[in-house]
Structures are given as C-alpha cells and as structure tokens.
Amino acid sequence: NRSSDLKHSVELSEMVIEAEILPSILTSLQDPDHYVQKNCATLIREISKHTPELAQLVVNAGGVAAVIDYIGSSKGDVRLPGIMMLGYIGAHSENLAMAIIVSKGVIQLAIVLSEELEDHIRAACAWALGQIGRHSPEHSKAIALSNVLHTLLQCYMDPKSTEDLQNKAEHNLQQNPVSILSLFPG
C-alpha cells in the first residue's frame, strides 16, 4: 500500500510527484470501489501534509477540486482522508488556504459538518475549517460566510457531542472575532 509508505517520507512523496501518477490518482477518486477512493485520498493526503511545496503541486494538479468533489460524493469514513487533506493544505499557507476557499472547499466542509452523523468526521471538518480560517480576517470571513458557524455552535453546545468535537468547534469559534460577531445579526 503506497499511502502507508508515504506517511513519514518527503522523499517518497516527491517520487510519486516525479513519476507523474498524480493525475491518475485524482481520476481514481471517482472509482466505483470505495476502497480505491479512500486509498487514493489517503495517498493525496500524505503527499499534501509534508511541505507547502508538495501541497502546491497537488493544488496545481487540480487536487483540491478533485478532493472537494470526492468529499461531496462519498459518505462516512471514506471521506475522512479528503477532509484531512484539505486541512493540511489549508494549514501550510495563506495562499493554499485561499485556493481551498476559492474552490468552494469551505462550503463543502460546512455541508459535511451539518449532514454527517459521525462525530469524529465532524471533528475533522471543524479542524480543517480552523486550519483554513486561521490565516487572516479575510480567511475567517470566508468561514463565516459559509454559514457553518451556527453548526459549529450546535456541535459545541450539544452534550451528546464528543469532547474532541466540542473542543475543535470551540477552538474554531474562538479563533476569530469575525466568527463570533456573525452569529449575532443586527
């Protein structure tokens, strides 16, 4: 399994990029087999998390748009590596986070956060949104405009939510005053 080989290796990630197999991997995100989809998303996640340069190569290859589509068309644990990939890319830099925003990734993460039943997947969405929104007021505003703040507040307030989900939702809500102010119209 190539994705497990990449977990701790920038060199192997670079070799995957140099072998020019990324376009095939991105296409395989739409494979009818969910195991193929998840393994491809895991591979992309592992490449993306190492360095901003590798993440930029994934973005340049159309990886963000492909993963956003994949997250929207899959359900449950199958979508988790794609959610994490968006968080890793968003964490690297303002520009990479903006690429996710422009590609409507924040909106897709907001949809998953509101429709998903599994708290660990919802916590991953909250984490990814926090990584994307933390760079500047403009980034935070994009999070606020996605109408996700009410859902984050519900996750935080719901006594049935796991502690991890509550913590990630709280952190996301606290990280920028723009977020809190948008909850109170008028």
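Glu11, Glu14, Glu18 and Glu53 gather in a patch of negative charge on the surface. The model is predicted: local features need pLDDT of at least 70, side-chain atom pairs count only at pLDDT 80 or more, and totals for chains, interfaces and linings use all residues. Residues are numbered from 1 along each chain as its sequence is written, and side-chain values use heavy atoms, with hydrogens and water left out.

**Negative patch**
- Helix α2, residues 10-18, gives the most to this patch, with three residues.
- Glu18 has its place in helix α2.
- Glu18 is exposed, at a relative accessible area of 63%.
- Exposed means over 50% relative accessible area, buried under 20%, and partly exposed in between (1.4 Å probe, protein chains only).
- Patches take residues with over 30% relative accessible area and no salt bridge; like charges are joined within 9 Å, and nonpolar side chains (Val, Leu, Ile, Met, Phe, Trp, Tyr) within 5 Å.
- A salt bridge is a side-chain nitrogen of Lys or Arg within 4 Å of a carboxyl oxygen of Asp or Glu.
- Asp and Glu count as negative, Lys and Arg as positive; His and the chain ends are not counted.
- A charge is placed at NZ of Lys, CZ of Arg, CG of Asp or CD of Glu.

**Nonpolar patch**
- Leu153, Tyr156 and Met157 form a nonpolar patch on the surface.
- Together they have about 270 Å² of accessible area, by the Shrake-Rupley method with a 1.4 Å probe and only the protein chains shown as cover.
- Leu153 is found in helix α12.
- Leu153 is partly exposed, with a relative accessible area of 30%.

**Positive phi in loops**
- Lys104 is not a glycine, yet has a positive phi of about 70°.
- Lys104 is found in the loop between α8 (94-102) and α9 (105-115).
- Lys104 counts as exposed, at 51% relative accessibility.
- Asn147, also a residue other than glycine, has a positive phi near 60°.
- The loop between α11 (137-145) and α12 (149-157) holds Asn147.
- Asn147 is exposed, with a relative accessible area of 66%.
- Helices (H or I, at least four residues) are DSSP runs, numbered from the N terminus.

**Cysteines**
- The structure holds zero disulfides, a disulfide being a pair of cysteine sulfur atoms within 2.5 Å.
- Cys125 is in no disulfide: the nearest cysteine sulfur, that of Cys155, is 9.2 Å away.
- Cys125 counts as buried, at 0% relative accessibility.
- Cys40 counts as buried, at 10% relative accessibility.

Note on methods:
Helix = DSSP H or I, 4+ residues; strand = E, 2+ residues; numbered from the N terminus.
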